Structure formats: C-alpha cells, structure tokens
Protein chains: 2
Amino acid sequence: MGRWEPDAAGRLREAAMALYAEHGYDGTTVAEIADRAGVTARTFFRHFADKREVLFAGSELLEQLMVKALADAPADATPMEAVAAAVLASAEFFDDIRREYSRRRQGVINATPELRERELIKMAALTSALTKGLLERGVAPDVAPLAAETGVAVFRVSFERWISDPDGEPIVDIIRSTLKTLKALSGLTA
Amino acid sequence: MGRWEPDAAGRLREAAMALYAEHGYDGTTVAEIADRAGVTARTFFRHFADKREVLFAGSELLEQLMVKALADAPADATPMEAVAAAVLASAEFFDDIRREYSRRRQGVINATPELRERELIKMAALTSALTKGLLERGVAPDVAPLAAETGVAVFRVSFERWISDPDGEPIVDIIRSTLKTLKALSGLTA
DNA sequence: TCGAGTGATGTCATTGACTGACATCACAAT
DNA sequence: ATTGTGATGTCAGTCAATGACATCACTCGA
C-alpha cells in the first residue's frame, strides 16, 4: 500500500459509497474515507471538489452521451422526438449490471438532503445542455427549454422506476413506456 | 441597538442580501452578516439552518399557496388544468413591487452554485407537494409526477421571463402565455 | 413590588470541511 | 547519476455549524 497504488480516485469512490451506506453521509468524515482508501484527506480534495462530488463522478459522461444522441437525431425530427432520442440513448449507460449499484447509490442520495441537492444541480446541468443542443438544432428559443425540461423529467421518472424493481424490464423499455404516458398526458393539457 | 431590537430574522435577511450582492456569497462570512444585523453568528444559526437558507425564507408560503389552489380547483378539472390553476395562483406572491427585489435576489442565486442547489431543492419540494396534491385529487400515480414536474417547469420559465424585463407584463399574463406554449409543444410530442 | 419563569441572545469550545504553501516521494527521460 | 514531473503528504489556517451553558429583557402571579 505504498504511496503509488494506482486509481486513488476509484478507491475513494468505493470507500465513500461503502461508508455513506453504512454510517450515513453525515456520520462519515472525509478523513475516514481517505483512510479506507489509503490516502490523506488532502488527496481526497485533489480528486473531488467536495464531500458530495465523490458520488457523482461520471455524470459528465452521461450528459455527453445524451447530447450527442440529440445532435445525431434526424434533422427533420420534431423537438420532442430529438429529446426522446437523447433520453433513450441514456439507456446505454445503465445496463442491468449497474442496476444494483444504482439502487444502492440512490438510496444513499435520497437519504441525504445535501446529496439530493447535488443530484438536482446535475440534472439541471443536463437540462441546460439539452436546451443548448436543441437551440443548435434550430428549435425555437421558447420551446427548447420546455422540451429539455420535459425530457429530463421523463429520464428521472424512468430511472426511478428502473431501480425500484430489481427484476423489472430494462431501462430502455421503461423509457419508452414513460414517453407514451407523457404523450397521453399531453392530450389533457387543453 | 440593544439586545432586544425586534425582527432579528428580517435584519439578517436584508444584511445577507446586501452583502451577498456586494461581496458575493463566498466573499461573505456569517459573522459579517450577523455583525451588520447587530447580532452574533450563533444567533444567525438560530434563525436560519445555514448560510444559504437565509435567502429562501418564505418559500413555504409559496408552496402552501399553490397547493391550496390545486386543491381548490374544480373536481372535474383535468390534471393539467388543476396544475395550471396552481401555477397561476403563484402570481399572487409576485406583485410588481417584488419584481426588482426578485431580480436582485435571483442574480445572487444564479451567481452561486451553492445557492442554485438550494433553489433547486426548493423547487423539488414544490414538485412533490404538487404531486401529493394531485394524488389526493385522484390523479393516476403515473400521471401525477409528470403533471407536477411540468407545472413547475412552467412556473420556472415564467418567473425567469418575468424578472428578465423590469417593465414587462405582470407575471399572470406571462404564465398564461407559457401555458399556451406548452400546449403547442404537446402537439409535437408525437 | 418582587421573584420565578420564559424566550431570545451571548459566550465558549469543538468538530469537520475545505484551502494554500511547501516538502517529498516514485518514476521517467536524459 | 541528474533532473523533471506529477501525485502525494504535511502543516497551518479559515470558516461553517453545533452543543453546553450563562445572561439578559420582559411578563406575570404572589
């Protein structure tokens, strides 16, 4: 366990998840996480901006994935069709192997207001990234934000449903189903 | 300025707004806020849970207002009609006198990630309150969250538009217009 | 009028997140 | 062997947040 074990960030992530799950977020100190990972607290903060961020590493990847799918949607797709493509693309990120991990992680997040806040701002970042992507597709400025917001809502609802049942359908199917529900709901908007 | 000047909470709110606006959120310490309000830092934390919360006092009132409007909507209203009623009710909260204050406050919030996080969780609380209200109206469990989420999106977009133009229309009209845009968007959902 | 009670405040001490400055180590290229 | 370079450790310090306890201003009943 010398100074140079590789992947300090990875060890810190695992340590944090384990400790947050066991003692809760508040009941865990950064020093404890660092100890378990075999590094110093100072090193923790070199890898993650703060105590919350350690649970959200990788969220940029998901965002990139969805933005790319949005951009790659057919030019003649409607705004919501493009958004739907982006949300469906997120399914790549969540294969069934990650379902248990996702469920565990979400449990920790839901139990801690501070972590919920961080999650929300990640979702907001996703929303504005999608909005930007829509604008670049030429979508009207008053339509783009609403379409993006709606898309993220679909993602959230689907994700939650996905992790709520360990043996449920794959997330792609859940997303499709949620999109259908949305469509039905739209009929009631009048 | 004895120990018993009334409305310490109010003085703390004003002091915080002024200092956050002038030196930024990070550039302001709780001790400075307390000093300006003529109290101790310890007293600050007796009135507000943390350094962020001081900018969000009163958000429960808005929530209650909207939930009540939702509950008071005609029994035969569709889910989105009820939600629309709730969003429109929020207009009571934002008369034109508050527009300048709201704009100022929003500037501070937008400039500070930590405050954005707090704002987002308030919105999330609003969403779940509306969801609960919808469920109590008998709305289907898979429809309620989406309807609530959509309603909050409408509120956010409208609010932002409202404060972006000091001499623009009153917020009620902006909300109505946003609801129309949403309706148009729904047509594209297919 | 006085003394007990109450609620808001002050004081003090402590923990823990986070940061800057600087030293140090492992490894690589020369 | 020498020198760099990047990741880490060490140390000191700031500041948010909390618990424990004292104190003050004011109220009310004896």
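## Aromatic pairs

Let's start with the rings: 18 aromatic pairs are counted over all chains of this predicted model. One of them joins B:Phe44 and B:Phe48 in a tilted arrangement, with 5.6 Å from centre to centre and 50 degrees between the planes. Buried or exposed, where do B:Phe44 and B:Phe48 fall? Both are buried.

In chain A, a single aromatic cluster brings together A:Phe93, A:Phe94, A:Phe155, A:Phe159 and A:Trp162.

## Charges over rings

A:Arg105 sits over the face of A:Phe56, 5.1 Å from the ring centre. In chain B, B:Arg105 lies over the face of B:Phe56, at 5.1 Å from the ring centre.

## The nonpolar core

The largest nonpolar core contains 74 residues. Among those with the most contacts inside this core are A:Phe94 and B:Phe94, along with A:Leu130, A:Leu134, B:Leu130 and B:Leu134.

Beyond its neighbours within four places in sequence, B:Phe94 touches B:Leu62, B:Ser102, B:Phe155, B:Phe159, B:Trp162 and B:Ile171.

## A residue in helix 4

B:Leu61 belongs to helix 4 of chain B, which covers residues 59-72. With a relative accessible area of 47%, B:Leu61 is partly exposed, because that class runs between 20% and 50%. From B:Leu61 to B:Ala73 the C-alpha distance is 19 Å, across 12 residues in sequence.

## How the copies meet

Technical notes:
Residues are numbered from 1 along each chain as its sequence is written. Chains are lettered from A and ligands numbered from 1 in the order in which they are written. This is a predicted model: local features need pLDDT of at least 70, side-chain atom pairs count only at pLDDT 80 or more; totals for chains, interfaces and linings use all residues. Side-chain values use heavy atoms; hydrogens and water are left out. Helices (H or I, at least four residues) and strands (E, at least two) are DSSP runs, numbered from the N terminus. Buried means under 20% relative accessible area, exposed over 50%, partly exposed in between (1.4 Å probe, protein chains only). A nonpolar core is a set of buried Ala, Val, Leu, Ile, Met, Phe, Trp, Tyr and Cys residues joined through side-chain atoms within 4.5 Å. Contact means heavy atoms within 4.5 Å. Rings of Phe, Tyr and Trp (its six-membered ring) pair if their centres lie within 6.5 Å; planes under 30 degrees apart count as stacked, over 60 as edge-to-face and the rest as tilted. A charge sits over a ring if NZ of Lys or CZ of Arg is within 6 Å of the ring centre and within 35 degrees of the ring normal.
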